[in-house]
2 protein chains.
Amino acid sequence: MFQQITILGPGLLGASLAMAVKQRGLATRVVTWSRRPESRAKCLDRTWCDAVHDTPEDAVAGSDLVVLCTPVQTIVPLLAQIRPALAEQALVTDVGSTKSLICREARGTLADHSATFLGSHPMAGSEQAGMEHAQADLFEQAACILTPLDDTPAEAIAKLNAFWTALGMTLTAVSPEKHDEIVAHISHLPHLLASTLSSYLATQDHTWRNLAGGGLRDTTRIASGDPGLWKQILEQNREEVLRAIDGMEQELHTLKAALLNHDAPAVTALLKRGKTYRDQLRQS
Amino acid sequence: MFQQITILGPGLLGASLAMAVKQRGLATRVVTWSRRPESRAKCLDRTWCDAVHDTPEDAVAGSDLVVLCTPVQTIVPLLAQIRPALAEQALVTDVGSTKSLICREARGTLADHSATFLGSHPMAGSEQAGMEHAQADLFEQAACILTPLDDTPAEAIAKLNAFWTALGMTLTAVSPEKHDEIVAHISHLPHLLASTLSSYLATQDHTWRNLAGGGLRDTTRIASGDPGLWKQILEQNREEVLRAIDGMEQELHTLKAALLNHDAPAVTALLKRGKTYRDQLRQS
């Protein structure tokens, strides 16, 4: 599918992507670069890696697909850094959890370059981080959102669509702004609620946690995610996240008022609405 | 350990308990009663059941342990109903998710009777309901809270402690009031947040849910719980649940203010506090 794919930032997503690409034969060569020398040394041992470079510029040279898998705040600066080294007609994408800022700035960065940037957001991952937790099947049966701009070439969209589909993903394309609105609700809000619940419970008696059942464990699992990465995501998607928090606060207020007013039908109605929604989420 | 155990309400918890009791040989006979004739008919086929009765009074006759496994609002009325049929010195417990109301009223109900009521709350279960989902290992490695009153006989506490311990649980004893404060935070608050998040997302574009990853699935899993059961739990523990909601709202407000003020260190601090708490939850 591609001659050479460069993966910049082989963490959980980047290394999983490299493994999946190798396993499915989607590229002849997989080249990588990591900021940390220790990570670069580790990559040398991995079968999913054909070459490791000391600079991102060297790593992207000659690649027809470049995937930026670094934290969201570093994606655009990294794109600016590799710009002079990008091959003609190269396709550049990322796996970041926010898109408006990144796609808008990436267009400016690649102005007057034949390379194309098209944002991707594979809705896969876990609360774990790092190459050690990488797995080749991470992307299978998960959703992936592409965020083309009005002037993104159709060929780039088709290529990237085929790439993620070949990894077992289900593709959807929306504008970067719509993407950010959607993920503020279905990803960033759940994450910050898990973090906020955990943070609140941390202010209570610490022995209580020994009594918790599976409900608390599941509800808060994603609060174990990397605070540094999530701080960047919440900042980059600040406006939409604040809107989602407002909506959640209103819904919580509805439930609180129903409890205060002994309004059992209203409490039941909210619980039923929640159950219906949850029961219809796909289980994979 | 017991000659005969009666389990009233063989749903997920009751039927799992019967299976576990049989498997571990904790009673010579297991007797049951269910409100619904269809459930009673099903019980007849199960190996964990030695006898099924058409009335709860018949079912408890001659039992030295009676476990009330019905929805929380029916526990005290059911206790009043079986009172005349309870054996001398019988030990009666329940598996309800709330305790203050139940234990206070149960004491009055059993006044002038030689039987003892002592509340139990095994922190086990799932979002699924019904005998069909019962499993003998449901209680293993989970916590169980006993809620004795000042005048609960030490012998009853010791017996029930030994019973749940024999089922693989880790026991803690606190007052019914303290229990309700604790579970408002570690169980009822997580549940209502999962329900409220799901209920809020149900008001948004329905196609968004097809894009959700594992984070939303885990965070909302318990929202699939039975709305009828949970309405009763939230009502019975209303005061403590409202206090827990207030605390959560304040924490959410802290995060919102930090985002509004571009206060990255405050956002990171909350995420870190949440991660530390979550990382220390036991994994079983």
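## The sheet of chain A

In this predicted model, strand S5 (residues 91-94) of chain A and S6(A) pair in the parallel sense, and the pairing runs over two bridges. Within this pair, Val92(A) stands opposite Phe117(A), which belongs to S6(A). The two strands are part of an open sheet of six strands in chain A, with the order S3-S2-S1-S4-S5-S6 and parallel pairing. Strand S3 (51-52) and strand S6 (116-117) of chain A each have a single partner strand and stand at the edges, so one side of each is left without a neighbour in the sheet.

Helix H1 (residues 12-23) of chain A packs on this sheet, where it touches strand S1 (2-8), strand S2 (27-33) and strand S4 (65-68) of chain A. The direction of helix H1 of chain A makes about 165 degrees with that of S2(A).

## Overall form of chain A

The secondary structure of chain A comes to 11 helices and nine strands. Taken along the principal axes, the C-alpha atoms of chain A fill a box of roughly 65 × 45 × 30 Å. A compact globule with 284 residues would have a radius of gyration near 19 Å, and the value for chain A, 21 Å, agrees with this.

Of the 284 residues of chain A, 53% count as buried. When contacts in chain A between residues at least 6 apart in sequence are considered, 73% of them join residues at least 24 apart.

## Two loop residues of chain B with positive phi

Asp112(B) is not a glycine, yet it has a positive phi of about 65 degrees. Asp112(B) is found in the loop between helix H5 (100-109) and strand S6 (116-117) of chain B. With 5 other C-beta atoms within 10 Å, Asp112(B) is exposed, because a residue counts as exposed if 12 or fewer such atoms lie within that distance.

Gln141(B) likewise has a positive phi of about 65 degrees although it is not a glycine, and Gln141(B) lies in the loop between strand S7 (119-122) and strand S8 (143-147) of chain B. Gln141(B) has 11 other C-beta atoms within 10 Å and is therefore exposed.

## How the two chains are related

Two copies of a chain are related by a rotation about an axis and a shift along it.

## The contact between the chains

The contact takes 78 residues from chain A and 77 residues from chain B. On the side of chain A that touches chain B, at least two residues each are supplied by strand S8 (143-147), helix H7 (176-201), helix H8 (214-220), helix H9 (227-236), helix H10 (238-260) and helix H11 (264-279) of chain A. The largest share of that side, 17 residues, comes from H7(A). By class, the side of chain A that touches chain B has 39 nonpolar, 23 polar and 16 charged residues.

Of the interface residues of chain A, 99% are also interface residues in chain B, so the copies meet through the same surface.

Conventions:
Residues are numbered from 1 along each chain as its sequence is written. Chains are lettered from A and ligands numbered from 1 in the order in which they are written. This is a predicted model: local features need pLDDT of at least 70, side-chain atom pairs count only at pLDDT 80 or more; totals for chains, interfaces and linings use all residues. Two strands pair if DSSP finds at least two bridges between them. Helices (H or I, at least four residues) and strands (E, at least two) are DSSP runs, numbered from the N terminus. Two residues are in contact if their C-beta atoms, placed from the backbone, lie within 7 Å. Axes are lines fitted to C-alpha atoms, for helices over the stretch in contact, and angles run from 0 to 180 degrees between N-to-C directions. A residue is buried if 20 or more other C-beta atoms lie within 10 Å of its own, exposed if 12 or fewer, and partly exposed in between; C-beta atoms are placed from the backbone. The radius of gyration is taken over C-alpha atoms; the globule rule is 2.2 Å times the number of residues to the power 0.38. Ala, Val, Leu, Ile, Met, Phe, Trp, Tyr, Cys and Pro count as nonpolar, Asp, Glu, Lys and Arg as charged, and the others, Gly among them, as polar.
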